[in-house]
Amino acid sequence: MRRRVGNTQRVTDPPALPTEAVRVGALRSMKRRASGLLVVVTAAFVALTVADPSGGWVPAALAAVQGGMVGGLADWFAVTALFRHPLGLPIPHTAIIRERKDQFGATLGGFVQDNFLSPDIVGERIREAHIADRAAAWLADPVNADTVARTFLESVVGALDVVEDDVVQRLLHEELERMVASVDVAPLAGRLLIAATDDGRHRELLDVGLRGVITFLDEHRDELRHRFGQESPWWLPGALEDRLFDRIVDGGMALLRSVVADPNHEIRTAIDERLVALAERLQSDPSLAERGVAFKREMLEHAALRKWSASLWTDFKATVREQAPVADSPLRLRAANAVRGMGERLQSDRELRDTLDGWAESAGRFVVENYRDEIGALITTTVSRWDGEETSDKLELLLGRDLQFIRINGTIVGALAGVAIHGLTELLR
């Protein structure tokens with residue numbers, strides 16, 4: 001059956017092979033036909049022998065059925081002798097396949113190796129298959145993309161069930177420790193700070209922070225006033241206390257607003273100078289470097305970090321196991337979209353498809369060139385391991401139906417030969 005793949009290419013699908021049950025039924029049917037024809041010819045022979053064979057058409061008919069019997073019996077013997085001993089008699093050179101199974105396997109392996117496992121033949125077949133076109137069309141189909149995603153995620157779930165959680169969690173934490181340990185915290189912080197201050201990016205952050213402080217002071221004035229009252233001396237009058245609090249808060253908010261409004265404010269300048277100095281110290285001050293090392297050590301030894309690293313694996317497993325079987329889950333949809341995107345990319349990129357086809361052809365040629373002997377030996381070894389009777393049955397299922405036609409043809413040809421011989425005999429008298 002020929003069908004279109006992609007936009008232009010047409011490929012031929014191999015014919016579907018019949019099932020074993022169908023082959024068994026077909027073989028039995030042909031055996032009954034061939035044997036039935038032989039029985040008919042034999043019955044005709046008996047009838048004609050009982051009748052008067054002295055003249056007329058009877059002698060010619062008798063010669064025909066005699067020839068048909070001989071041809072049918074000869075071909076029955078020949079076909080049966082391939083697979084088993086005729087009538088169970090151990091006649092020499094019968095049950096050929098069963099007795100010479102190993103030689104047959106070696107011959108078949110050599111035949112396949114010499115006639116099929118050729119780099120040129122395999123390369124041409126792969127090239128004509130247009131694997132990339134087929135793969136692109138198949139993967140771009142939403143149903144197929146979901147099938148691939150589901151199969152992949154089910155495989156991941158199966159792999160996750162095999163892996164021991166303690167081992168993976170330990171490896172994750174060890175890898176995290178290695179990554180953190182390889183980072184020099186203080187110099188890295190210094191470089192980041194320099195990068196932030198070089199183009200004045202920190203000023204935007206400073207403005208955001210100052211505005212946040214102003215908003216906080218304004219929104220929490222009552223809370224702060226209450227807290228100030230709790231911390232102030234008992235002998236301070238309430239009115240003076242409120243006035244003092246308002247002066248402090250209002251003055252602080254006014255100062256912050258002036259810093260936000262004035263890009264050249266002296267406080268901004270002081271902050272810039274301190275940040276630059278801090279960046280230089282972070283990269284060169286040994287005491288800050290030691291503090292960075294101590295900070296890393298404290299962070300790695302903290303129980304919260306171990307708990308977090310362990311939760312990464314646990315959460316990942318739970319997410320995959322929960323969403324893999326659900327068709328509309330976010331994980332399944334993302335996986336299916338990724339697969340479909342691969343197919344659509346292949347369909348739209350001729351150069352990529354040509355590249356993949358070239359890789360496939362090169363891979364096929366490489367396998368044949370380097371492993372053709374092993375493939376031939378695999379056929380030979382596989383056949384040699386078969387049971388003799390099983391091998392005979394397998395080949396009879398494969399070839400037996402056609403061989404039964406030989407029996408039928410032998411009966412018919414034998415009958416025609418009998419008539420021809422009878423006619424020639426009459427002419428020579």
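Reader: Which residues does A336 touch, leaving aside its neighbours within four places in sequence?

Author: A336 is in contact with A145, D146 and A149. Contact means heavy atoms within 4.5 Å. This is a predicted model, in which local features need pLDDT of at least 70, side-chain atom pairs count only at pLDDT 80 or more, and totals for chains, interfaces and linings use all residues. Residues are numbered from 1 along each chain as its sequence is written, and side-chain values use heavy atoms, with hydrogens and water left out.

Reader: Which residues make up the largest nonpolar core?

Author: In soluble globular proteins, nonpolar side chains tend to be buried together. A nonpolar core is a set of buried Ala, Val, Leu, Ile, Met, Phe, Trp, Tyr and Cys residues joined through side-chain atoms within 4.5 Å. Buried means under 20% relative accessible area, exposed over 50%, partly exposed in between (1.4 Å probe, protein chains only). Here the largest core has 12 residues: A149, L153, V156, V157, L160, V168, W313, V320, A324, L331, A335 and A336. α7 gives the largest share, 5 residues. A second, separate core has 10 residues, including L217, F245, M253 and V259.

Reader: How are helices and strands assigned, and how many are there?

Author: They are DSSP runs, numbered from the N terminus: helices are H or I, at least four residues, and strands are E, at least two. The protein chain has 18 helices and 2 strands. Of its 429 residues, 28% count as buried.

Reader: Is K317 buried or exposed?

Author: K317 sits in helix α15. Its relative accessibility is 11%, so K317 counts as buried. Beyond its neighbours within four places in sequence, K317 contacts L160 and D165.

Reader: Where do the buried residues of α16 fall around its axis?

Author: An α-helix has 3.6 residues a turn, so residues three or four places apart point the same way. In α16, the buried residues are L331, R332, A335, A336, V339, G343 and L346. They fall within an arc of 135° seen down the axis, so they line one face of the helix. The arc is that of the directions from the helix axis to the C-beta atoms. The face turned away from the buried side carries the exposed residues R334 and S348.

Reader: What span does α16 reach?

Author: The expected span is 1.5 Å times one less than the number of residues. α16 has 19 residues and reaches 26 Å from its first C-alpha to its last, close to the 27 Å expected.

Reader: At what angle do α6 and α17 pack?

Author: Two packed helices are described by the angle between their axes and the distance between the axes. Axes are lines fitted to C-alpha atoms, for helices over the stretch in contact, and angles run from 0 to 180 degrees between N-to-C directions. α6 (residues 131-140) and α17 (residues 350-385) pack at about 120°, with axes 8 Å apart. That makes α6 oblique to α17; under 35 degrees counts as roughly parallel, over 145 as roughly antiparallel, 65 to 115 as roughly perpendicular and the rest as oblique. I131, A132, D133 and A136 of α6 meet R350, R353, L356, D357 and A360 of α17.

Reader: What is the phi of H130?

Author: Most residues other than glycine have a negative phi. H130 has a positive phi, near 50°. H130 lies in the loop between α5 (119-129) and α6. H130 is buried, at 17% relative accessible area.
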